Amino acid sequence: MENKFPKSSEELKKFLYHGKEETYLEYKGDISWNDRKKKLEIVQTIFALANEKEGGVIIIGVNDNGERIGLSEENYNSFSHDTLNKFLNGKGNQPIHCKLSKEEIKEGEKLKKFVFIQVQESKEFPLVYIGETQTIKRGEKAYPENIGLRKGALYIRNKRNIGNKEITDIDEWQELIERTYKKYEKETIRRYKIIKEKNVVNPYNNELTI
């Protein structure tokens with residue numbers, strides 16, 4: 001996946017016609033943002049994609065098998081960039097960068113509606129969900145099957161069975177730690193170049209004196 005955020009309308013259409021889900025691509029059918037279970041699934045996917053290399057895209061209006069069914073008018077109108085980002089605000093240990101856009105695409109004689117959510121890879125460190133634990137069924141206990149988002153969870157994409165999961169095994173941790181180190185190193189170099197170009201005195205260049 002090309003590391004470019006956000007993507008153009010034409011680039012997004014390539015994902016629309018890809019035909020199957022990937023670690024960087026999630027399909028959701030004709031659903032509403034007002035459906036609590038689906039809303040929490042989308043947010044969990046956003047967190048998981050932010051922890052993937054180069055982030056990813058969620059397309060709403062496409063079934064898991066790649067069938068482009070589009071969204072009903074009511075479901076299409078339930079999504080907005082502002083509503084999504086308002087819900088995400090304060091839910092992560094760092095700012096969450098994602099963009100929601102809407103497209104009406106003609107297929108044959110039909111005009112189908114789709115929602116695209118682009119998610120940028122987290123800058124330096126993994127994105128952790130720090131909001132309150134959210135249950136799918138309000139008022140019921142937070143038993144495992146009823147947890148949509150768990151406070152303190154670090155979500156990733158499941159490479160064996162495409163979907164989201166909490167990070168658990170040592171290989172996943174090792175991969176994430178190695179990628180985090182590389183991102184941190186890259187960001188440190190970028191900041192150093194900015195300091196150098198602007199001729200700003202770097203306080204760490206001075207020796208510590210007593």
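**View 1. Glu11 sits buried in helix 1.** With a relative accessible area of 15%, Glu11 is buried (buried means under 20% relative accessible area, exposed over 50%, and partly exposed in between, using a 1.4 Å probe and protein chains only). Glu11 belongs to helix 1, residues 9–16; helices (H or I, at least four residues) and strands (E, at least two) are DSSP runs, numbered from the N terminus. A polar atom of the Glu11 side chain lies 2.8 Å from the backbone nitrogen of Ser8. A polar contact is a pair of N or O atoms within 3.5 Å; within protein, one must be able to donate a hydrogen and the other to accept it, and residues adjacent in sequence count only if both atoms are side-chain atoms.

A word on what you are looking at: this is a predicted model, where local features need pLDDT of at least 70, side-chain atom pairs count only at pLDDT 80 or more, and totals for chains, interfaces and linings use all residues. Residues are numbered from 1 along each chain as its sequence is written, and side-chain values use heavy atoms, with hydrogens and water left out.

**View 2. A cis peptide bond joins Phe5 and Pro6.** Here omega is about -5 degrees. Look for Pro6 in the segment before helix 1.

**View 3. Glu54 has a positive phi.** The phi of Glu54 is about 75 degrees, although Glu54 is not a glycine. Most residues other than glycine have a negative phi, and most peptide bonds are trans. You will find Glu54 in the loop between helix 2 and strand 2, where Glu54 is partly exposed, with a relative accessible area of 21%.

**View 4. Helix 2 is largely enclosed by the rest of the structure.** Why is helix 2 described as largely enclosed? Because 12 of its 15 residues are buried; among them are Leu40, Ile42, Val43 and Phe47. At the start of helix 2, a side-chain oxygen of Asp35 comes to within 3.1 Å of the backbone nitrogen of Lys37.

**View 5. Ser122 lies in the loop between strand 4 and strand 5.** Ser122 is buried, with a relative accessible area of 7%. The side chain of Ser122 reaches the backbone oxygen of Phe125 at 3.0 Å. Leaving aside neighbours within four places in sequence, Ser122 is in contact (heavy atoms within 4.5 Å) with Ala50, Asn51, Gln94, Leu127 and Lys183.

**View 6. The largest pocket has a volume of about 550 Å³.** On a 1 Å grid over the protein atoms alone, a pocket is an open set of points where a 1.4 Å probe fits, with protein on both sides within 12 Å along at least five of seven lines; lining residues have an atom within 4 Å of a point. Grid points are joined across faces, edges and corners, and a volume is the space filled by probe spheres set on the points. Of the 23 lining residues, Asn3, Glu121, Ser122, Lys183 and Lys186 lie nearest the centre of this pocket. Helix 5 supplies the largest share of the lining, 7 residues.
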